Amino acid sequence: MTAKLIDGKHIAQVIRDKWKLRVDELIKKGIRPGLGVIIVGSDPASLVYVGNKTKACESVGISSKQYDLPVTITEEELLAKIDELNNDPAINGILVQLPLPKHIDVNNVLAKISVEKDVDGFHLYNMGALVTGKMIFPPCTPYGIKCLLDYTNIDVEGKNAVVIGSSNIVGKPMALMLLSMNATVSICNIYTYYLTQYTSLADILIVATGVPGLIKKEMVKPGAVVIDVGINRLPDGRLVGDVDYEGVKEVASYITPVPGGVGPMTITMLLVNTIMAAERSNKLAKPYIDFDMA
Ligand code: NAD
């Protein structure tokens, strides 16, 4: 078997085109969705990520404003800046680029963002919604993966879904979404004693560990759907995922490439959440997303 490629770049563009029409409608009503992006310090990778996000905003008509704050900023000052954006009617979504310097408690920062503007979906309120089977602002990477599965018509109900990696931004919210899609879900992490025992039973395997080539062909059930979240830069400069793509594509039914799989979806879902925030603040959208709506 040779797996079919799930083309994240293409699906992301289809979703962007669809949501751009909603921005056009908002603009006709005199509303331009606005995203405020806070970046603390000048970490080169963070600057690239933020640049990509602001460029993507422009492509669909969202106005984005970047706030470059010095690495020496105190937590109190950062919280005050977030409050300022919480109260700014032109800003519908607030994103604080992570990681933050060590002297700032990230939990206090995420808790400060107004839940109506939490387009990254990391506030406890938004995470809690997932536990109860709701999506208000779903975290972008797992929401993007849900959309990849939906757009590829991959039926999740009743399937064994195995998520490798249990971080708050990817693994845990992903597992909760799959549970709400009626999959039977297992979550593994670095402490899992015998990983293959789980991966070999997975109909849907989602890997988010940051370990290049962790998942090998022998660990994958023939016909499985394999979603590779990992982004790893090898010493020779190549960008690879957590899955041994060449080997695993021989046994899987579907597979995402790296780059061009999950990555483009993450940014796209940030745009979707920001547009939704603008619609909601103008009472033009429901306060939550249905699980069957992509
Ligand atoms: P993280 O470091 O916060 O968490 C990694 C998780 O993987 C942990 O739960 C850890 O226990 C588990 N893990 C590590 N080694 C393992 C092993 N050998 N076996 C089993 N589990 C293991 O990372 P994260 O933020 O969740 O990101 C994971 C990967 O996904 C990274 O490569 C990151 O760059 C990538 N990522 C990609 C996107 C995207 O848009 N494509 C978005 C977020 C993260």
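Author: Start with threonine 266. One of its polar side-chain atoms lies 2.7 Å from an oxygen atom of the ligand. That is a polar contact: a pair of N or O atoms within 3.5 Å; within protein, one must be able to donate a hydrogen and the other to accept it, and residues adjacent in sequence count only if both atoms are side-chain atoms. The ligand taken alone exposes 850 Å², and the protein buries 72% of that. Such areas come from the Shrake-Rupley method with a 1.4 Å probe; for residues, only the protein chains shown count as cover.

A word on the source: this is a predicted model, where local features need pLDDT of at least 70, side-chain atom pairs count only at pLDDT 80 or more, and totals for chains, interfaces and linings use all residues. Residues are numbered from 1 along each chain as its sequence is written, and side-chain values use heavy atoms, with hydrogens and water left out.

Backbone atoms take part too. A polar backbone atom of isoleucine 231 is 3.1 Å from an oxygen atom of the ligand. At asparagine 189, a backbone N or O atom lies 3.5 Å from a ligand nitrogen atom.

Now the whole shell. It holds 21 residues, and Ser166, Ser167, Ile190, Val229 and Thr266 come nearest. A residue counts as near if one of its heavy atoms lies within 4 Å. By class, the shell has ten nonpolar, eleven polar and no charged residues. Here Ala, Val, Leu, Ile, Met, Phe, Trp, Tyr, Cys and Pro count as nonpolar, Asp, Glu, Lys and Arg as charged, and the others, Gly among them, as polar.

Helix α10 (residues 262–281) gives the most to this shell, with three residues. Helices (H or I, at least four residues) and strands (E, at least two) are DSSP runs, numbered from the N terminus.

Which residues meet? On the α6 side they include Cys140, Tyr143 and Leu148, and on the α10 side Val262, Thr266 and Asn273. Contact means heavy atoms within 4.5 Å. This contact of α6 with α10 divides into ten nonpolar, four polar and no charged residues.

Most residues other than glycine have a negative phi, and most peptide bonds are trans. A cis peptide bond joins valine 258 and proline 259, with omega about 0 degrees. Proline 259 sits in the loop between β11 (254–255) and α10. Asparagine 153 is not a glycine, yet its phi is positive, about 60 degrees. Asparagine 153 is found in the loop between α6 and β5 (160–164).
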